[in-house]
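Please keep the sequence and the coordinates in view while reading.

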Amino acid sequence: MSDYSAVDDAMMRLAIEEARRCLEAGDVPVGAAVARGDQVIAAAGNARERLQDPTAHAEVLALREASRTVGSWHLEGCTLYVTLEPCAMCAGALVLARVDRVVYGAADPKAGFAGSLGNLIQDPRLNHRPELTSDVLADDCAELLTGFFRERR
């Protein structure tokens, strides 16, 4: 388990609430929040089913909202919190958005690109490498996903 702060805990709890909202639409419960310090500037949940959009991952939707909020695609000074380890698409978006830090809950051994299958977020060949913190409230994040898939079987 990684060391993390009270702000990290609070922001991940917000991401978990966003993930819970996904259940109503039948979406995989993944939630994300973008913060500058302890101020939330965006939050979103996975909406692939609701929007019928393969790119409507929680991280991408939260980055879009954060960019609108600050008026720029440059998200320096921001941290993205997400309940599940980012996939390759989301990891790439986080690098391109230039977020300073990525914090995630549960690891994703089947699709995660922040340490599981690879680590695109911190690839030394890229010009931007966010700081990475994992395992924040990992059990709570994983239980949402486990329960969702258990219900679907």
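**The sheet and its surroundings**

In this predicted model, strand S3 (residues 79-84) has 6 of its 6 residues buried, so the strand is largely enclosed by the rest of the structure. Its pairings show which strands flank it. Strand S1 (residues 31-36) is joined to S3 by 4 bridges, and the two run antiparallel; within this pairing, Ala 32 has Val 82 of S3 as its bridge partner. Strand S4 (residues 101-106) is joined to S3 by 5 bridges, and here the two strands run parallel. Along that pairing, Leu 84 has Ala 106 of S4 as its bridge partner, and Tyr 81 stands opposite Val 103 in S4. Between S3 and S4 the chain passes through helix H4 (residues 88-97), a β-α-β crossover that is right-handed.

These pairings belong to an open sheet of 5 strands, ordered S2-S1-S3-S4-S5, with mixed pairing. The edges are held by strand S2 (39-45) and strand S5 (131-133); each has a single partner strand, so one side of each is left without a neighbour in the sheet. From one strand to the next, the twist averages 15°. Helix H1 (residues 6-22) packs on this sheet and touches S1, S2, S3 and S4, its direction making about 50° with that of S3.

The cysteines raise a separate point. How many disulfides does a search of the whole structure find? The search finds 0. A disulfide is a covalent bond between the sulfur atoms of two cysteines, and the cut-off applied to the sulfur pair is 2.5 Å. For Cys 78, the closest cysteine sulfur is that of Cys 90, at 16 Å, which is too far for a bond. For Cys 90, the closest cysteine sulfur is in Cys 87, at 3.8 Å, and this is also too far for a bond. Cys 78 counts as buried because its relative accessibility is 0%, and Cys 90 is likewise buried, with a relative accessible area of 0%.

Finally, the aromatic rings can be considered. The structure holds 1 aromatic pair. It is formed by Phe 148 and Phe 149, whose rings lie 5.0 Å apart centre to centre with 80° between the planes, an edge-to-face arrangement. Are these two partners buried or partly exposed? Phe 148 counts as buried because its relative accessibility is 9%, whereas Phe 149, at 35% relative accessibility, counts as partly exposed.

Definitions and conventions. Residues are numbered from 1 along each chain as its sequence is written. This is a predicted model: local features need pLDDT of at least 70, side-chain atom pairs count only at pLDDT 80 or more; totals for chains, interfaces and linings use all residues. Side-chain values use heavy atoms; hydrogens and water are left out. Rings of Phe, Tyr and Trp (its six-membered ring) pair if their centres lie within 6.5 Å; planes under 30 degrees apart count as stacked, over 60 as edge-to-face and the rest as tilted. Buried means under 20% relative accessible area, exposed over 50%, partly exposed in between (1.4 Å probe, protein chains only). Two strands pair if DSSP finds at least two bridges between them. A crossover is right-handed if, with the strands pointing away from the viewer, the path from the first strand over the helix to the second runs clockwise. Axes are lines fitted to C-alpha atoms, for helices over the stretch in contact, and angles run from 0 to 180 degrees between N-to-C directions. Contact means heavy atoms within 4.5 Å.
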